[in-house]
Structure formats: C-alpha cells, structure tokens
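I am opening a notebook on a structure that is new to me, and I will write down what I look up, entry by entry.

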Amino acid sequence: MMDIGTAKTIAPGVDMPTLGLGVYKVENGQEAYRAVRFALDAGYRLIDTASFYFNEESVGEAIRDSLIPREKLFITTKLWPLEFGDVQKAAAGSLKRLGCGYIDLYLLHWPGLDTKLRLRAWEEVQELKDKGKIRACGVSNFFIRHLEELKEHGGAVPANDQVELHPWLQQRGLRDYCAKNGISVTAWGPIFHGHLAEEPLVGEIGGKYGKTPAQATLRWHLQKGINVIPKSVHKSRIEENADLFDFSLSEEDMKRIDGLDKGMSFGRDPDVFDGHID
Ligand SMILES: NC(=O)c1ccc[n+]([C@@H]2O[C@H](COP(=O)([O-])OP(=O)(O)OC[C@H]3O[C@@H](n4cnc5c(N)ncnc54)[C@H](OP(=O)(O)O)[C@@H]3O)[C@@H](O)[C@H]2O)c1
C-alpha cells in the first residue's frame, strides 16, 4: 500500500506525516497490534503512542511485522511528568519497549507543575537528540506561558505542540503563537473524542461531499495546517479516517466549522495536572 497524505517539515531534516493513528486507551496486545497493522496497511506512516499508554510493546511489534522500512515510518512517543526526574531511563524504557533504535518525535506529555523540573527535563531531551536517540523534541498540552518559559530558558524551540483541538476547542491564540514561533501543532481528540454525533453541522457538511462527519472534521484540521492523530481500533474507521485526500472543503464550509468554537475541553487542565492519576 502506498503512503497516504502529506508530510510537513517540523525540524531541520525531519518531515512529519500530517495524519497518524493515535493509540490512547488501546490495549497492549492484540488490540494495539491489530490497530497498528490495519493503519499501516491503509497507508498511515505515523503512530502516536506514549509510555503512559502502556502499549509501546505491541506498537513496536506491529511496526516490525509490517516489514515497512523504519525510515519510512514516524513514531511519536511521550515522557510522562512523573518521569521527568530520570529522562534517560524513561527514554531507554520507551526505546526498549518499542524495539527501535530511535524515536522520531519525543514529547513532554504534560507540563506538570514544577517549572524547574520541566526545564531540566527539556534540557535532557535535547541531550537525547544530540546522542541520536530522538530526531525531534516537542511538547504536549503546553500553553503559551509554558512555551514562553522554554523560550526564556533558551535551548531548542519545540518542533511540535500536541494539544486538545477540535471544532469546539479551536485554540486560536495558541495556534497563532505557534505559527509565529515555528512550532507545528498536532490535534489530539481531533474528532471530538468520538462525540461526532453531537455536532450535526459536521455531518451535514460531510454529506455535501459524500464524506462522513469524521472525514469532514479531519479535513477541516488539515486545511488549517493542523496535524491529526485520530484513534480507532476498527479497520473500517481507520480506513475512513485516512480517506481525506480526494476532496477539499470550500471556504464557506471552513468558516461554518470555524463558527463552532465554544472553548469546550474534554481533557485535564495543564495548569493543575501534575501527572498523578486518582
Ligand atoms: N497528548 C495528550 O495528552 C493526549 C491526550 C489524549 C489523546 N492523545 C492522542 O490523540 C489521539 C486521538 O485522541 P482521542 O483518542 O482522545 O480522540 P479522537 O481520536 O478524537 O476520538 C476517538 C474516538 O472516536 C471514535 N472514532 C474513531 N473514528 C471514528 C469515526 N470515523 N466515526 C465515529 N467515531 C470514530 C473512536 O472509537 P473506536 O476506537 O471504537 O473506533 C474513539 O472512541 C489519542 O489516541 C492519542 O494518541 C493525546
């Protein structure tokens, strides 16, 4: 199967596919293995996992069994805030579980609440890059103030900020900031965490193009220059979510979806979440 979609340069010499498979809440074992194999067969080349998803082993196994050359794939994984104290150990654990020699994009998963520890972890992630263990360093759930702190601290500009983003939470201020500062943006929860049926407009707009609500929503992201990593464990949906490259939403339909923003988040608040799960 051919690779699908497009790629964007996020750091010198690093091109990131604009579409990937997300595997949060996908169980290690058959579920994660099958989802990744379905995705790679459908042409996805980016898989988004994390140490916190506890499925890196099955993701790695599926990647190896696909026989797709490693350099044609893009693996994102993430460092949990409770791992900030020993970044080298955490990264070595992810590399071992994934069974690969390097990570394409390594993200600080959440900022956490300890600024000093976060900035130190960011420095250590740069060291991993210098050692060739990761190709690009990024962050996740960082607000502008967290990005400003990194900037003031010096060091590398993050290649990517992965944040909750969908038509109900459009993150305009953050997106403008990232565009001005050369930081690419990836949307998590891009199809409303699956709450698509609660937003009839994306169904109506999709229908005009012979497309589904998920496809209309994902296309809106791509036309805004936002990377997407929709999650599914079902072959038909994994294929559906990748069938985005044979149509374009009109300017008017883009504007109608722009009008849906209501600042509504399904996620945790980065300003209070320290990485401990109740
Ligand atoms: N950085 C972070 O803090 C963070 C947080 C959350 C998520 N993420 C990443 O972002 C990825 C995506 O986010 P997400 O999983 O929260 O939400 P999402 O991708 O917006 O939505 C996933 C939900 O939609 C359903 N779905 C998938 N395709 C569909 C379709 N075509 N039609 C109808 N329903 C569909 C899935 O169910 P089925 O599986 O049953 O198809 C699942 O319930 C995650 O997997 C993870 O990689 C990152």
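**Entry 1: around L108**

I began with L108 in this predicted model, and, leaving aside its neighbours within four places in sequence, I found L108 in contact with L79, F84, R118, A121, W122, V125, G138, V139, S140 and F142. I then looked up the largest nonpolar core, which has 89 residues, and noted that L108 is listed with L21, V36 and Y106 as touching the most other members. Helix α1, residues 30–41, gives the most to this core, with seven residues.

**Entry 2: the cysteines**

I asked how many disulfides the model has, and the count comes to zero.

**Entry 3: helices α7 and α10**

I turned to helix α7, residues 200–208, and helix α10, residues 251–258, whose axes come within 10 Å and cross at roughly 170 degrees. Because of that angle, α7 is roughly antiparallel to α10. Which residues meet here? From α7 I noted L201, V202, E204, I205 and K208, and these meet D253, R256 and I257 in α10. Sorted by class, the contact has four nonpolar and four charged residues, with no polar ones.

Methods. Residues are numbered from 1 along each chain as its sequence is written. This is a predicted model: local features need pLDDT of at least 70, side-chain atom pairs count only at pLDDT 80 or more; totals for chains, interfaces and linings use all residues. Side-chain values use heavy atoms; hydrogens and water are left out. A nonpolar core is a set of buried Ala, Val, Leu, Ile, Met, Phe, Trp, Tyr and Cys residues joined through side-chain atoms within 4.5 Å. Buried means under 20% relative accessible area, exposed over 50%, partly exposed in between (1.4 Å probe, protein chains only). Helices (H or I, at least four residues) and strands (E, at least two) are DSSP runs, numbered from the N terminus. Contact means heavy atoms within 4.5 Å. A disulfide is a pair of cysteine sulfur atoms within 2.5 Å. Axes are lines fitted to C-alpha atoms, for helices over the stretch in contact, and angles run from 0 to 180 degrees between N-to-C directions. Angles under 35 degrees count as roughly parallel, over 145 as roughly antiparallel, 65 to 115 as roughly perpendicular and the rest as oblique. Ala, Val, Leu, Ile, Met, Phe, Trp, Tyr, Cys and Pro count as nonpolar, Asp, Glu, Lys and Arg as charged, and the others, Gly among them, as polar.
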